[in-house]
Amino acid sequence: MSTAGASSCFHCGEPVPGGTRFSVMIDGALRPMCCAGCAAVASTIAEHGLTGYYLNRSELPQRDLADSPLTEALAAYDIPAVQKPFVRISAGGIRQAALLIEGITCGACAWLIERRLRRLDGVLGVAVNLAARRAQVEWDDERIRLSAILRAIADLGYRTQGFDPVTGESAALRERRVMLWRLFVAGLAMMQVMMYALPAYLADGDLTVEVEQLMRWASLTLTIPVILWSAAPFFTSAWRDLYARRAGMDMPVALGIAIAFAASVWATVSGRGEVYFDSIAMFVFLLLGARYLETMARARAAESQQRLVRHTPAVAERLVPGAAPVATERVAAVQLVAGDLVRIAPGSIVPADGVVTAGESAADESLLTGEARAVAKRAGDAVIGGSVNLQSPLTVRVTQVGPESVLAGIVRLMDRAQADKPYVAQIADRIAQWFVAVLIVAACATAGAWWWIDPQRALWVMVAVLVVSCPCALSLATPAALAAATGALHRLGILITRGHALETLARATHVVFDKTGTLTQGRLTLIGVIPLGARGRESCLALAAALECGSEHPIARALLSAAPRAPSVTATQTRNYPGQGIEATVDGGRVRIGSPAFASELARRPVPPELVYVPDAVTAVTLADAGGYIALLTFGDMLRAGAHRLVLDLQARGKAVCLLSGDRRATVAHAAHALGVETALGEAGPEQKLAFVRDLQAQGAVVAMVGDGVNDAPVLAQAQVSIAMGGGTDLAHASADMVLLADDLGRLSAAFDVAHDTMRIIRQNLAWAAAYNVVAIPLAAAGWITPLAAGAGMAMSSLAVVANALRLGKIGVRVTFPIFSTGSPGYTVEKLL
Amino acid sequence: MDVLYLLIPLSIVLAFAAGAVFWWALHGGQFEDLEGPAHRILTDEDHL
């Protein structure tokens with residue numbers, strides 16, 4: 001995909017659609033832009049002299065963040081009741097908040113946001129945490145409002161996703177610090193103790209007894225913190241297992257550490273026998289290291305989900321009851337009760353479930369129902385909290401809030417399906433328990449046998465068995481591979497949120513897609529313009545754009561992003577007929593755009609016969625004036641780039657591909673046909689989707705579900721492994737096992753590659769650990785392995801396992817990234833990483 | 001070899017000192033963002 005700067009958007013790197021003429025002057029040259037959103041962001045960046053961003057960025061910005069929120073909507077965040085949960089107020093009007101920002105892709109983004117905010121008068125401090133994608137902002141409320149800060153962030157093309165509550169430091173942060181501290185203590189002790197052990201290894205008995213004792217005491221001193229602090233989690237976990245009368249994986253670890261340490265202490269104090277302090281410290285360090293990496297990768301995935309759960313708006317516009325001229329007040333959405341009347345401005349999110357009492361509009365409920373088209377709303381119609389009001393203001397009587405709302409109901413459905421979830425990991429755990437139990441029994445039996453043969457050597461042989469049997473390699477085999485795979489996937493923009501995800505993905509027999517937003521772009525795009533009169537294509541498009549320019553309807557958005565920015569014609573007296581179309585006056589004549597029937601009223605002739613050629617899966621809009629029809633414009637939900645290749649790739653892997661969707665049957669069948677998918681189910685509600693997946697599972701299928709809408713959430717939880725698209729709906733992420741952050745379906749193939757490789761590596765690791773144990777344990781039990789060799793063998797087998805796992809991090813992936821060059825940062829090349 | 005009786009205890013003290021320094025760095029928040037500062041040092045100047 002080597003694209004030159006001339007044909008790809010300078011800001012986002014997407015190809016510039018033909019016929020669009022957006023450009024922005026950056027660093028002395030006019031740069032092409034793909035759409036009005038990118039152009040607006042780029043001009044904001046240029047205006048504030050922040051074009052250094054384009055030189056320094058190493059990742060392209062996320063798409064679809066360009067729909068920037070309305071200034072009025074942001075103004076709501078200035079209300080004290082809304083600010084209360086997340087703003088910390090210090091003396092003198094100084095306020096602090098931690099903003100979660102979506103769209104930060106690389107270091108240059110952090111730089112851009114910090115620069116921009118620091119130049120605002122009244123902002124006292126900004127610190128962007130790149131890893132957590134969080135901005136800590138401090139401002140003087142008398143000089144700047146929070147809404148102005150949010151506005152500045154939105155103008156740069158980022159979206160403020162929510163706010164971290166101010167209640168103290170998060171538990172996750174504390175836990176992370178403790179883990180890191182434990183790891184460091186073990187690491188430091190390991191290095192130092194090895195230095196003390198080295199003379200004994202090298203001198204081979206030539207050391208004087210005094211010096212050896214000195215080294216041993218030094219080693220003991222430094223190993224005590226490792227035992228007491230670093231290894232504490234193993235002991236607590238082993239104690240918990242013991243208390244619950246089961247054999248956990250931490251038990252041999254804890255037992256091995258405890259016995260080896262006790263024996264070493266005894267050897268040090270009595271001056272007889274071998275010491276294992278270096279082995280203990282290294283053992284603990286390696287185990288903690290693997291666990292730390294794994295926990296961090298998972299915490300990061302979980303955190304990026306949490307921020308997506310906040311869904312309903314923070315603020316509502318409530319009508320003051322009994323006020324003679326209608327007056328509204330802004331209240332926090334949580335304060336709404338059933339019976340309240342709220343006004344919902346066009347473009348804003350419905351704060352609660354309710355019934356329309358006044359106004360006519362259309363709502364985008366695609367998040368909740370999967371229906372990509374706008375649904376007309378008139379007085380008496382029900383609206384769902386979380387949907388978006390598109391056209392004109394609505395007055396709504398609130399019927400349900402909080403736990404009774406539809407959104408909350410969907411979440412509950414999701415929870416229940418999640419509770420039923422099968423866990424393959426539990427089986428693996430049971431097998432591991434048996435192994436551990438057998439191991440401990442074997443060690444004790446060895447000690448018992450040696451008690452009869454040579455009582456003096458009994459304890460040492462038992463320790464040698466426990467040390468050499470290397471629970472380390474066994475305990476590391478899976479987590480090390482999972483950590484490496486999680487890291488590799490994270491670099492690909494795929495987050496793993498549950499431990500079993502990779503394992504199940506590798507076993508999946510069926511891949512089920514939800515059409516809306518997974519295989520398609522999830523939004524309407526202008527497909528074609530069919531001129532029916534004397535006007536040319538460009539002229540028709542300009543006229544249509546002029547009529548639609550005030551509308552928030554999905555069709556209007558699709559039109560406006562395809563049309564030139566400065567329209568050559570202007571429409572006056574624009575009037576909106578919800579559900580039908582728009583009428584306006586252009587150059588003295590009336591022009592209509594909308595449904596064929598609506599346009600034919602003005603054209604005074606039957607609907608255009610050309611409509612016969614428009615397939616059912618496509619939405620057609622007719623443009624007409626009093627003299628006749630002008631043009632037909634067709635809109636559709638385009639397939640994503642790479643969707644077809646992904647389907648072929650999955651089928652080549654022998655996985656059955658299915659398509660479930662809430663969209664109309666014709667649309668779904670059309671998409672399925674275009675992609676070569678055999679099984680497709682249209683007009684499917686959450687229950688039908690759930691039933692479909694259950695049927696597959698009843699036949700023994702392992703289902704991997706790829707979804708994005710809230711209506712998918714229950715079915716995502718029902719599938720054995722679920723993948724959510726990051727650009728999709730917030731709640732779906734909460735239940736998904738994996739989240740695809742990048743908007744690139746090709747990465748899904750890579751996820752399957754990594755899953756298979758991970759399983760192979762885990763099998764190799766387990767095979768290695770098993771083979772090693774089969775050879776080493778009898779040797780140790782026979783007393784043939786010196787304690788020194790036991791420690792070295794343990795270390796070697798652990799390192800072999802870790803090194804094998806690390807190969808997963810080197811999985812080559814074709815990634816496009818921009819070259820940093822002053823002349824044309826828009827150039828991209830492909831590189832095999 | 002007598003010097004070992006001074007150097008070994010000294011190395012233990014140093015190890016504990018290193019631990020204390022790390023504790024200070026950890027609780028000073030130096031490990032919170034391991035990616036950002038690496039980029040920030042490259043982009044500190046204004047490109048005007």
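Contact here means heavy atoms within 4.5 Å. Welcome to a short tour of a predicted model, in which local features need pLDDT of at least 70, side-chain atom pairs count only at pLDDT 80 or more, and totals for chains, interfaces and linings use all residues. Residues are numbered from 1 along each chain as its sequence is written, and side-chain values use heavy atoms, leaving out hydrogens and water.

**Around Ile280(A)**

- Ile280(A) sits in helix H11 (residues 277-309) of chain A; helices (H or I, at least four residues) and strands (E, at least two) are DSSP runs, numbered from the N terminus.
- With a relative accessible area of 2%, Ile280(A) is buried (under 20% relative accessible area, with a 1.4 Å probe and protein chains only).
- Leaving aside residues up to four places away in sequence, Ile280(A) touches Thr223(A), Ile227(A), Ile257(A), Ala260(A), Phe261(A) and Ser264(A).
- From Ile280(A) to Ala258(A) there are 22 residues in sequence and 9.2 Å in space, C-alpha to C-alpha.

**Helix H1(A)**

- Helix H1 (residues 36-47) of chain A has 12 residues and reaches 16 Å from its first C-alpha to its last, close to the expected 16 Å (1.5 Å times one less than the number of residues).
- Its buried residues include Cys38(A), Val41(A) and Ile45(A).
- The buried residues of H1(A) pack against strands E1 (22-26) and E2 (29-33) and helices H2 (52-56), H5 (107-118) and H6 (146-155) of chain A.
- Just after H1(A), Gly49(A) takes a positive phi of about 65 degrees.

**Cysteines**

- A search of the whole structure finds 0 disulfides over all chains, a disulfide being a pair of cysteine sulfur atoms within 2.5 Å.
- Cys9(A) is buried at 1% relative accessible area, and Cys109(A) is buried at 0%.

Technical notes:
Chains are lettered from A and ligands numbered from 1 in the order in which they are written. Buried means under 20% relative accessible area, exposed over 50%, partly exposed in between (1.4 Å probe, protein chains only).
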